[in-house]
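Subject: Handover of a structure and of the findings made in it

Dear colleague,

Please find the structure below, together with its sequence.

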Amino acid sequence: FPEGHRAVFLAAQCLQEIREVGSIPEIQMQARDMLIALADFRFPYLYESWDPEARETIRIRIRAITELARVWREKEEVLSWLKKRAEDEGSWASRYAALRELGRGWRTDREVLAILKAHVVKDSSPPVRQVAVQELARGWSDDPETLPYLTEVALLDEAPVVIRTVVDEVARVWQDAPETMPWLVERASAG
């Protein structure tokens, strides 16, 4: 897929626009299979994590997972695939994209809530914990356990990006909650 990934992404976007996508099942399957392959994309040579190829690899993987989730959102196998990708120890980018799409597309699935909560506290990657915080706050703000859970995370997490994200989300999502302002003042005075 040296430059072919752009064509695959375009095909996925076109499939999303087609009303009678069932009339072209073989094209739909080809596009889906190519997106699944792109979710594991690597350049066929060695490069370091700071090289432009590493950034491009991350970008391609995230985009492939995003397109797959958006185009085939109603497919149960995509939900299962995303849940597996959320546990991909080999790629923080795969976990990031899978969690983001699970949070955005499957808010009624209680297992998704549990997966997000687990990643908020256990994932080794700060960007993955950050996206789990964002999706938890945005998708489950009406759950009475979410606000106390996230405020506890702000006290326990050591990554500044995660703490800042919790503070931002609490201030944005629960701006009218009576406990928000005192908590924000306390966080500001704590450093």
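Two residues are in contact when they have heavy atoms within 4.5 Å of each other. Helices are DSSP runs of H or I with at least four residues, strands are runs of E with at least two, and both are numbered from the N terminus. A residue is called buried at under 20% relative accessible area, exposed at over 50%, and partly exposed in between, using a 1.4 Å probe and protein chains only.

The model is a predicted one, in which local features need pLDDT of at least 70 and side-chain atom pairs count only at pLDDT 80 or more, while totals for chains, interfaces and linings use all residues. Residues are numbered from 1 along each chain as its sequence is written, and side-chain values use heavy atoms, with hydrogens and water left out.

Helix α10

Helix α10 covers residues 180-190, and its buried residues are Thr180, Trp183, Leu184 and Arg187. Viewed down the axis of α10, these buried residues fall within an arc of 100 degrees, so they line one face of the helix; the arc is that of the directions from the helix axis to the C-beta atoms. In general, an α-helix has 3.6 residues a turn, so residues three or four places apart point the same way. The buried residues of α10 pack against α8 (146-156) and α9 (160-173). On the face turned away from that buried side, α10 carries the exposed residues Met181, Val185 and Ser189.

Helix α5

Of the 14 residues of α5, 11 are buried, and the helix is thus mostly covered. Among these buried residues are Arg95, Leu99, Arg100 and Glu101. The elements that cover them include α3 (52-71), α4 (76-85), α6 and α7. The length of α5 agrees with expectation, because 14 residues at 1.5 Å a residue should span 20 Å and the end C-alpha atoms are 20 Å apart. The expected span of a helix is taken as 1.5 Å times one less than its number of residues.

Salt bridges

A salt bridge is counted where a side-chain nitrogen of Lys or Arg lies within 4 Å of a carboxyl oxygen of Asp or Glu. How many salt bridges does a search of the whole structure find? The search finds 20.

One of these salt bridges joins the side chains of Arg104 and Glu135, at 3.2 Å from N to O. This pair links distant parts of the chain, with Arg104 in helix α5 (residues 92-105) and Glu135 in helix α7, 31 residues apart. Arg104 is partly exposed, with a relative accessible area of 39%, whereas Glu135 is buried, with a relative accessible area of 1%.

Glu169 and Arg138 also meet through their side chains in a salt bridge, at 2.8 Å from N to O. Here too the pair links distant parts of the chain: Glu169 belongs to helix α9 and Arg138 to helix α7, 31 residues apart. Glu169 is buried at a relative accessible area of 4%, and Arg138 is partly exposed at 35%.

Arg85 forms a salt bridge with Asp88, the closest N and O atoms being 3.5 Å apart. Arg85 counts as buried, at 9% relative accessibility.

Individual residues

Helix α6 (residues 110-122) holds Val121 and His119. Is Val121 buried or exposed? Val121 counts as exposed because its relative accessibility is 54%. Leaving out residues up to four places away in sequence, Val121 touches Tyr149 and Val153. His119 is buried, with a relative accessible area of 0%. Beyond its neighbours within four places in sequence, His119 is in contact with Ala86, Glu87, Arg95, Leu99, Val128, Arg129 and Ala132.

Gln134 is found in helix α7 (residues 126-139) and counts as buried at 17% relative accessibility. Residues up to four places away in sequence aside, Gln134 touches Thr165 and Glu169.

Yours sincerely
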